[in-house]
Each structure stands twice: as C-alpha cells, then as structure tokens.
Amino acid sequence: MSSTRVERADGLVTVIFDRPAKKNALGAEDWDILRRTLIEVTDDPGDRALLLTGAGGNFSAGADLSGSMNSGGGRGLTGGEQQSILFEMRAVGEIVDRLHRLPKPTLAAVDGVAFGVALGLVLACDLVLASDRARFCEVFVKRGLALDGGTSWSLPRQVGQRRAKQIAMLGDEFGADRALEWGLINEVVPADELPKVARDWANRLATGPTTALSLIKRSLDGSDSISFAQSLEDEARAQHIVFTTHDMREGITAFLERRPPKFTGR
Ligand SMILES: CC(C)(COP(=O)(O)OP(=O)(O)OC[C@H]1O[C@@H](n2cnc3c(N)ncnc32)[C@H](O)[C@@H]1OP(=O)(O)O)[C@@H](O)C(=O)NCCC(=O)NCCSC(=O)/C=C1/CC=CC=CO1
C-alpha cells in the first residue's frame, strides 16, 4: 500500500514518506512514486527544488522488510527469486542515482529514524537538516545485508573510509550531533522547529537562480574526478551558460538597484 505523498507549491516539490505505523518503511509503490516524481522534477522547469521528508516523527526505517524484498524465508532462494532481487536492487539504485544527479537542488529533512536505504536517500541529497532527535543507522550489517542506496559511495566521501567502515561494519545507530560532527548533515534544529526551518531552506532553493544552482551542484559533485585545471575550464563554461539567463541579469540588476533579486528560474 502506497504511503508517499507529493506536494507542489511555488516551485518546491515536497515528497513525504507517510506510513507512520511502519516508521515510513518504503515499499514498491513508494519507490514508484519517488521514481516518477524525480523524472517529473527533472523535466518540468516549474519544479525548482525538491524536499524529502517523513511524516509522524520519522524520516524512514528503510526498505519494507515485510514486503516484496523479504524473499527466501530461510529456505534459500530459487534462481528466479535471486534474479528478482537483483532486478529490484537495480531499480532502487536507479532511483537513488536519479536523486543524486537531479539537476535541481535537493534537501532532506530528517526527524526520527533514517535507516538503511533511507539513509542512502538522505546522503544523496545536496543539503540535510536533522532534528535533535534524529537517529541514523547503516543497519544493513545487522540484517546480514551488504550496502545499498549508494551508501558505499557516499559514506566514504562524506566521512572518510575509516569512519565509513565503522558506521557500515558495526551498524550502530548514531544521533544528530554525531552526524553533524562527522559531516553527514548540515545543521541540527529542535524537533518542533524542523518543519519550519526545512520549509525556509527549501523555499530559498526553490526561489533561487535555478540554472546557477544546477551548475553549482554539478561542479561540486564532479570535482572529485577532475583536475584543478579542468575545474577552472568547467567554471568558465558554467559562467558562460548563466550569462544567458534572465536570473543572472536580475541578480546583478537587483544588486545595482539595491533591492532583493526576484529569480524566476529562467
Ligand atoms: C529502530 C526501528 C526503526 C524503530 O524501532 P521502534 O521504535 O521500537 O518501533 P518498532 O516497534 O520496531 O516498529 C514499529 C512498527 O514498524 C514496523 N517497521 C519498522 N521498520 C520496518 C521496516 N523496515 N520494514 C517493515 N516494517 C517495519 C515494525 O515491524 C512495527 O510494526 P508492528 O507494530 O506491526 O509490529 C525499528 O523498527 C527497526 O529497526 N526497523 C527496521 C530497520 C531496518 O532494518 N530497515 C531495513 C534496512 S535494509 C534496507 O533499507 C534495504 C534493503 C535492500 C535489500 C534487500 C532487502 C532489504 O533491505
């Protein structure tokens, strides 16, 4: 049964995992909604930023272990079941990749638990806000699972190999303060303030200069795999592109006219 809602307002697309009785565990329909939404946000110029969050005091407890992924039941998998797990995991991987590569800014707002593949979704976002009662866990090892959700890639990049191995191989829960100290999240706010602060940040992204934000994101994400000289060339090309935008003209005009800019995403 699907439990994910999508809301749109003023350029901001909010995806809300909403099955509180199951800690917002994610099943096939949730993945389908997320996949479709990511395609829409990629293609629709009216969608200018994405906020991922959960309802009922939790982000998500990760994959729904009672659903389609819970195959085998201790009797060993048939060849067909094994194939189907590979297929499902590739499908989930494709969705996390879409999120990671989304050409619009993304923000995760985490209250309560973000476990397993849900942690992967969080780490694939550009910015992460957490409440002071957020709990994170690379829980896979506790279930006898290997890593997924792109966390084998994002964790070492965000916290370094040494800590990534601790987080992934021990599978201990950690709180928002530790996540902040390790550089996994941007800020911690009191739980009752999280919705407001998240909306403020997300609205700032959604009313920002969309092309510039997209190019900023692309250049930072790509910086690991290119030389300094290449980054300078890429920056030149990016500025060349933003000089064709209405938002760049508006940004400079607004500065000269001593008023706040009104970016429209064009
Ligand atoms: C630590 C918990 C998140 C919360 O604990 P607690 O507050 O004590 O609450 P519970 O009583 O345990 O949970 C309340 C109800 O929610 C159900 N539930 C919780 N998580 C899941 C889940 N992931 N799938 C299905 N259902 C879930 C729980 O059964 C309760 O239901 P009832 O009231 O009807 O009994 C704790 O719940 C917890 O540790 N949850 C599991 C976390 C987890 O292991 N997540 C999955 C990680 S694996 C993953 O994300 C990706 C894959 C990919 C590959 C293949 C296979 C699977 O996973």
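Analyst: We will go through salt bridges, the ligand and a surface patch in turn. Keep in mind that this is a predicted model.

User: Let us begin with salt bridges. How many salt bridges does a search of the whole structure find?

Analyst: A salt bridge calls for a side-chain nitrogen of Lys or Arg within 4 Å of a carboxyl oxygen of Asp or Glu. Searching the whole structure gives 19 of them. Take Asp32 and Arg35 as one case: their closest N and O atoms are 3.1 Å apart.

User: Where do Asp32 and Arg35 lie?

Analyst: Both belong to helix H1, which covers residues 28–43. They are three residues apart, or about one turn of the helix.

User: Are Asp32 and Arg35 buried, partly exposed or exposed?

Analyst: Compare the relative accessible area with two cut-offs: under 20% is buried, over 50% is exposed, and anything in between is partly exposed. Asp32 has 30% relative accessibility, so it counts as partly exposed. Arg35, at 28%, is also partly exposed.

User: Which residue meets Lys196 in a salt bridge?

Analyst: The partner is Asp200, with an N to O distance of 2.7 Å between the side chains. Lys196 and Asp200 both lie in helix H7 (residues 194–206), four residues apart, which is again about one turn of the helix. Asp200 is partly exposed, because its relative accessibility is 35%.

User: What does it look like when salt bridges share partners?

Analyst: They join into a network, and here one such network is made of Arg5, Glu7 and Asp18. Within it, the side chains of Glu7 and Arg5 meet at 2.8 Å, N to O. Glu7 has a relative accessible area of 39%, so it is partly exposed. Arg5 is partly exposed too, with 34%.

User: Which backbone atoms lie 2.9 Å from a nitrogen atom of the ligand?

Analyst: A polar contact is a pair of N or O atoms within 3.5 Å. A polar backbone atom of Ala63 is 2.9 Å from a ligand nitrogen. A backbone N or O atom of Leu65 is also 2.9 Å from a nitrogen atom of the ligand. For Val117, a backbone N or O atom lies 2.9 Å from an oxygen atom of the ligand.

User: How much of the ligand does the protein bury?

Analyst: Start from what the ligand exposes when taken alone, which is 1,000 Å². The protein buries 66% of that.

User: Last, the surface. Which residues make the nonpolar surface patch?

Analyst: For such a patch, look for nonpolar side chains that have over 30% relative accessible area and are joined within 5 Å. Ile252, Phe255 and Leu256 make a patch of about 370 Å². Phe255 lies in helix H10, residues 246–256, and Leu256 lies in helix H10 as well. Phe255 counts as exposed because its relative accessibility is 65%. Leu256, at 62%, is exposed too.

Note on methods. Residues numbered from 1 in each chain as written. Predicted model: local features only at pLDDT ≥ 70, side-chain atom pairs only at ≥ 80, totals over all residues. Heavy atoms only, no water. Patch = residues over 30% accessible without salt bridge, like charges linked within 9 Å, V, L, I, M, F, W, Y side chains within 5 Å. Areas by Shrake-Rupley, 256 points an atom, 1.4 Å probe, with all protein chains shown as cover. Helix = DSSP H or I, 4+ residues; strand = E, 2+ residues; numbered from the N terminus. Buried < 20%, exposed > 50% of the residue type's maximum accessible area, 1.4 Å probe, protein only. Polar contact = N/O pair within 3.5 Å; in protein donor to acceptor, adjacent residues only side chain to side chain.
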